[in-house]
Amino acid sequence: MSCKLIFLFLALVYAHSNAVSVRQNVRKFPDGFAFGAATASYQVEGAWNEDGKSENIWDHLTHSQPNPVKDGSSGDVAANSYHLYKRDVEMMRELGLQFYRFSLSWSRLLPTGFPDVINQAGVDYYNNLIDEMLKYNIQPMITLYHWDLPQKLQEMGGWTNSHIVDWFGDYAQVAFKLFGDRVKSWITINEPHSICYYGYSIGHFAPRIDSSGVSEYMCTKYLLLAHARAYHIYDQEFRPSQNGNIFIALSGQWYQSETDEYHDAAEDYIQFTVGQYAHPIFSTTGDWPPVMKERIAAKSAEQGFFRSRLPAFSPEEVEYIRGSSDFFGLNHYTTYYVYRNESSTNFAVPSFEDDIGADRYQLQEWHTQKDVKYIGHVPWGFTKLLVKIKEDYNDVPIQITENGFSTLPGLEDDTRVAYYFDYLNALLDAVESGVDVRSYAAWSLLDNFEWIEGYGIRFGLYEVDFEDEARPRTPRKSAFLYKEIVRTRALDPSFEPDASATMTIDQGH
Ligand code: NOJ
């Protein structure tokens, strides 16, 4: 080798070893990739008892004494989107969104919970919202169930009553009939793990049933069957004429083994959280993840139960659920380290945690927003999870149905700006590794009621002033970043968003 060549080689090695980990080049999103933002009915609508809407489980919970929500608040008025939907659509236009994901309030549409009474004012509201969006070519993506079950159905057992499969199927059918001529993207259920774990296991969320290791698995079984019912109704009765798609949105965080020794523990965590829902729907064999079946059966026997606390699916049910989703809808926020901890005294017996037999934690340094330790900023976990979903579930096409970051009120949300940039970068890393990601919805379009946290923790691209009756919305710095990403369909590290700039609607929106 000539001296010149050796020098060039050494220079290259040197440059490489000094490379910073952040890429400095502009990265493009694939053609056809869609950008949107998401919300949910109870979190934004308000109008809790207006125009014929009946009580749902969150109305019930937040009106109970004492109200368990941290700031004692409720979604009674929330962001008042029931009355301010035109402003919401204007914000979508300002951002240049291609789609908007929102949910229907079951008790607003069907106040008895059943299709015997269809509330025309509720139908009008959703028609108005959909039509207003379509005027500007913003596609609606509707979630049928985002946690606000009619209270009357809860009093009959909610998601632990097997009849919910019929109730949910009937409700879904009404929604497809009413809106399916214009709505081409349907999500059946949002974050089943949150519904069954926070609602029926540790008692954090409505209906606050504290029955870890027992009723949460009943909830999962009927929830999966209800989801599949809605899927098959759409597939057989509506898809042929309406030509849309339908899928489920699962919450999936990344669980990283603390050391190689804990690889199995991290895998268990993934199977008990994401896999509990994904394996029955997206795996080749269907049914519960094998590790859940074995572990819970063995523990149940040891604990003196006469049968497994994990209720079985019949072979027909396995087939009914398997393949019942056109996409893998993913809500992803953060990452945890996992280690094996079979003998932890922190876990009640029986419990979901004891069934997993592992523990998880986050690093302080991941909490870039020091005053709100809610979402850890760990973008590499997003890439790893996406690659695993591709590998485990046969290259399933993925839609990111939620991703976003929590701060306190304020327009200069630099930690959220960094989060969006880094997570979208991580998404592109996954795309480069061959993961088929089709769309991305930022959570959230605007500040809203963050469940048990109330209004203390904010997720909006737009800030909402909840002290002001008019609920004014103001774009944050992150809104300017997101607008630029959507406009250029690219990530440019040199772009500096400015929260004091004037937000305008670009031509064509
Ligand atoms: C997931 C839920 O779907 C949504 O309702 C919630 O506000 C966000 N995560 C943020 O916690």
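This is a predicted model: local features need pLDDT of at least 70, side-chain atom pairs count only at pLDDT 80 or more; totals for chains, interfaces and linings use all residues.
Residues are numbered from 1 along each chain as its sequence is written, and side-chain values use heavy atoms, without hydrogens or water. Local features need pLDDT of at least 70, side-chain atom pairs count only at pLDDT 80 or more, and totals for chains, interfaces and linings use all residues.

**Exercise 1. List the residues around the ligand and sort them by class.**

Step 1. Apply the cut-off: a residue is near a molecule if one of its heavy atoms lies within 4 Å of it.

Step 2. Read off the shell: Gln43, His146, Trp147, Asn190, Glu191, Asn331, Tyr333, Glu402, Trp443, Glu450, Trp451 and Phe459.

Step 3. Sort. Ala, Val, Leu, Ile, Met, Phe, Trp, Tyr, Cys and Pro count as nonpolar, Asp, Glu, Lys and Arg as charged, and the others, Gly among them, as polar. The shell has 5 nonpolar, 4 polar and 3 charged residues.

**Exercise 2. Describe the largest cavity.**

Step 1. Set the rule. On a 1 Å grid over the protein atoms alone, a cavity is a set of points where a 1.4 Å probe fits but cannot get out; lining residues have an atom within 4 Å of a point.

Step 2. Count: there are 5 cavities of 30 Å³ or more. The largest has a volume of about 80 Å³.

Step 3. Inspect the lining. It has 15 residues, with Val44, Tyr100, Phe102, Tyr125 and Leu129 nearest the centre. By class, 9 are nonpolar, 4 polar and 2 charged.

Step 4. Assign elements (DSSP runs; helices have at least four residues, strands at least two). α2, α4, β3 and α6 each supply at least two lining residues. The largest share, 4 residues, comes from α4.

**Exercise 3. Describe the second largest cavity.**

Step 1. Its space is about 60 Å³.

Step 2. Its lining includes Ile57, Trp58, Trp147 and Phe205.

Step 3. α9 gives the most to this lining, with 3 residues.

Step 4. Class the lining of the second largest cavity: 10 nonpolar, 2 polar and no charged residues.

Technical notes:
On a 1 Å grid over the protein atoms alone, a cavity is a set of points where a 1.4 Å probe fits but cannot get out, and a pocket is an open set with protein on both sides within 12 Å along at least five of seven lines; lining residues have an atom within 4 Å of a point. Grid points are joined across faces, edges and corners, and a volume is the space filled by probe spheres set on the points.
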